[in-house]
Amino acid sequence: MSEVFNFCAGPAMLPKPVMAKAQQEFINWQGTGSSVMELSHRSGIYKAMAKKAEVDLRELMSIPDNYKVLFCHGGGRGQFSAVPLNLLPQGKSADYIVSGSWSKAAVAEAKNFGEINVIEINQDTDNSSSLLDSSDWPLNPEAAYVHYCPNETVNGLEINTIPETNGVPIVADMSSTILSHEIDVSKFGLIYAGAQKNIGPSGLTIVIVREDLLGQAQIATPCIMNYKTAADNDSMYNTPPTYAWYLAGLVFEWLKELGGVKAIAKVNQAKAEILYQAIDNSELYSNHIQSQYRSKMNIPFWLKDESLNEKFLEEAEKTGLTALEGHRIVGGMRASIYNAMPLEGVQALIEFMQQFEKRNR
Ligand SMILES: Cc1ncc(COP(=O)(O)O)c(C=O)c1O
């Protein structure tokens, strides 16, 4: 089979060398005669691997010592509940910035657990999409925290400046942007990310939380969602998603070998630039998001003649370019180009798009 480039938004493409290594040690990990997924999470050999994955992630993201790194269950949506349960005490409210479908979904869930102040920042006209600058967000200085989603996976909108909240902890859903470019973790109270885009397989969620925010969970917080319980038990209060944790560790090693987040950020910038350029220079494709808010990870584009959508997807698939269909909410196409998508994958997509346009003038 010729090479396939998978543009799925998640679960997404994983780095080839990581998959090859996992395959090679699948049934006999580190000479144990067992698969890593068959071993106790409490065995010394597993715990050493788990610790190394954490140390590597800390190094990759320069995570300060006063932050805990938790390996959790429950995906991004699990955190939509866990965040208010852990950080929103009775009598306080939290600010939720809505910039697209995932931040909206976070609001719907958080409302079950406390008072949520919704701040809508989309600025759409008929032919352009933009966002209200963070300096103009009407934030409540007394809020328990401010929640936002720096990269809206469905809408292809990215907020690439960290808001100034004057001491109110910032909580960020980085599910589709974590590890794609350098960030200053010390500016955040809490960062979370489902693994299935830039980290590894689904089933694992990373939470990075400042220590002083632990220990104020609402009484009804389920123990497997309680950050303090997770922190006190090295994320092993119950059985963690052991295989996903192992695979995430391989992805972190791969990223370190490539030169870390700084190095991959350059590749990500280059991939996004050439794809947006190809869209903007074409007569057939369009993306109406204002340039400073365009996502570098999820690039939606629309065919001006929508009757060609099905044909586009069919022919792309035959060329080995898969999972390009846009999210059902926004339609069109979407190319998710996370860390594991090589530059050649994006070049192959552009070549296909240009040929398709020529054939369908
Ligand atoms: C930004 C963002 N947040 C949350 C989620 C939900 O993640 P999960 O399906 O792991 O609950 C997604 C899924 O794509 C996402 O992209």
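Me: Is Ser176 buried or exposed?
Reply: This is a predicted model. Ser176 sits in the loop between strand S10 (170-173) and strand S11 (190-194). Buried means under 20% relative accessible area. The relative accessible area of Ser176 is 1%, so Ser176 is buried.

Me: With which side chain does the side chain of Ser176 make a polar contact at 2.8 Å?
Reply: Ser176 touches Asn151, Thr153, Lys197, Met297, Asn298 and Tyr338, not counting residues up to four places away in sequence. Its side chain makes a polar contact of 2.9 Å with the side chain of Asn151. The polar contact at 2.8 Å is with the side chain of Thr153.

Me: How much area do domain 1 and domain 2 bury between them?
Reply: The protein is divided into domain 1 (17-257) and domain 2 (260-359). Domain 1 gives 28 residues to the contact and domain 2 gives 24 residues. Of the area buried between domain 1 and domain 2, 54% is on carbon and sulfur atoms, and the total is about 2,200 Å².

Me: Which residue forms a salt bridge with Lys296?
Reply: Between domain 1 and domain 2 there are 15 residue pairs in polar contact, both residues at pLDDT 80 or more. The rule finds one salt bridge across this interface. A salt bridge needs the nitrogen and the carboxyl oxygen within 4 Å. With the closest N and O atoms 3.3 Å apart, the partner of Lys296 is Glu158.

Note on methods
Residues are numbered from 1 along each chain as its sequence is written. This is a predicted model: local features need pLDDT of at least 70, side-chain atom pairs count only at pLDDT 80 or more; totals for chains, interfaces and linings use all residues. Side-chain values use heavy atoms; hydrogens and water are left out. Domain bounds come from an automatic or database domain assignment. Contact means heavy atoms within 4.5 Å. Buried area is the accessible area (1.4 Å probe) that two parts lose on being put together, summed over both. A salt bridge is a side-chain nitrogen of Lys or Arg within 4 Å of a carboxyl oxygen of Asp or Glu. A polar contact is a pair of N or O atoms within 3.5 Å; within protein, one must be able to donate a hydrogen and the other to accept it, and residues adjacent in sequence count only if both atoms are side-chain atoms. Helices (H or I, at least four residues) and strands (E, at least two) are DSSP runs, numbered from the N terminus. Buried means under 20% relative accessible area, exposed over 50%, partly exposed in between (1.4 Å probe, protein chains only).
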